[in-house]
Amino acid sequence: MQDTLQLTIHKAPHSRIKELDYNNIKFARQYSDHMLLADYKGGEWKNLRIEPYGNISLSPANPAIHYGQSIFEGLKAYKHDDGKISIFRPQANFERMNISAERMVMPAIPEEIFMDGMRELLKVDSQWVPNVEGTALYIRPFMFAIDEFIGVRPSDDFTFMIITSPVGAYYAKPVKVRVETHYTRAVKGGTGYAKTAGNYAASLYPAKLAHKDGYDQLIWTDGQEHKYVEESGTMNIMFVIGDTLVTAPTGDTILNGITRDSVLTLARDWGMNVEVRPLTVDELIDAAKTGKLKEAFGAGTAATIAHVDTIAHEGIDYKLDQSGWEFSEKVLKALNDIRLGRVEDKFGWNYLI
Ligand code: COI
């Protein structure tokens, strides 16, 4: 690490940990005592620091606010039964963040800042990692433009930050999803594969329309023909059709989800049939009608596995039989056991701090 990247730590005078009710943790309603920051100025990263969590000051001409030059990641830390803390697959998030950075004309984050900074932040706030079943510490690294300039061009300077938050379940119950055949999350040549603010902003209005009709989320379809299944809400979506796990290939329009990859890896390891291939809405609905669709679930960091209760298409609700949730239950348990250090971590996914 260069001299300028020496980490300085300025501790909060008092911890707010007593405000956390470990037995009633919602999703991201409270934030830990500290945050990590680094500045990208004059073409180099500098001023890596941990400070008390709090508001930051920005120019009103900030381009991230006006034009969305902003990216983020999401990952989780777990407390094992013996008190050890591990982060699940952070190297994968580090690599993906730099893929997003390239697409959004932002500088690459050095590994020392992302990985070492995250580890030091978690050490400082280790008591914020909850150990109640079904909870974790959500880690949110993000980077945004900070030039004071409202012309449309890539910013020169950026801030990288990490904040963390104790979290419980993202969805309180299995989700009802509607196949979206008008609005689009991502298009070929667009930014769908990047974890960038605008993708999420663009999803809010269609999701709000679905909520109004009683659905929790959407199944996004391709932007050209609305013929192929892509993602669901903020997650990848996976299906068990017959005895085969089926999910769409990642690419321009589909985020390379780390939970998705973990599910595929486990399924293959268990000898299950796995097909990563384009899946048409017609095939999905036909499988739902004929009972071949055994399971449907979203896979993402926040929710881990979100069981799909109902899929709606062209005004018809197809309710899935909950007794079919064999694979998704098994994979959810396996992921939990690995993350909590209860079984062998055979793929080396846990990063101990
Ligand atoms: C995830 O589950 O990976 C997410 O990105 C969800 C987040 C936007 C809350």
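In helix α2, P90, Q91, N93, F94 and M97 meet E111, F114, M115 and M118 of helix α3; contact means heavy atoms within 4.5 Å. By class, this contact has six nonpolar, two polar and one charged residues. The model is predicted: local features need pLDDT of at least 70, side-chain atom pairs count only at pLDDT 80 or more, and totals for chains, interfaces and linings use all residues. Residues are numbered from 1 along each chain as its sequence is written, and side-chain values use heavy atoms, with hydrogens and water left out.

**The helix pair**
- Helix α2 spans residues 90-103, and helix α3 spans residues 111-124. Helices are DSSP runs (H or I, at least four residues), numbered from the N terminus.
- Their axes come within 10 Å and cross at roughly 145°. Axes are lines fitted to C-alpha atoms over the stretch in contact, and angles run from 0 to 180 degrees between N-to-C directions.

**The two domains**
- The domain assignment gives domain 1 (2-168) and domain 2 (175-339). Such bounds come from an automatic or database assignment.
- The C-alpha centres of the two domains lie 27 Å apart.

**Where the domains meet**
- In domain 1, 22 residues are in contact with 20 residues of domain 2.
- The domains bury about 1,800 Å² between them, 59% of it on carbon and sulfur atoms. Buried area is the accessible area (1.4 Å probe) that two parts lose on being put together, summed over both.
- F72, R96 and R103 supply 34% of the area that domain 1 buries against domain 2, more than any other three residues.

**Salt bridges**
- Between domain 1 and domain 2, the count is one salt bridge. The term means a side-chain nitrogen of Lys or Arg within 4 Å of a carboxyl oxygen of Asp or Glu.
- The side chains of R89 and D261 form a salt bridge, at 2.9 Å from N to O.

Terms used:
Helix = DSSP H or I, 4+ residues; strand = E, 2+ residues; numbered from the N terminus. Nonpolar A, V, L, I, M, F, W, Y, C, P; charged D, E, K, R; others polar.
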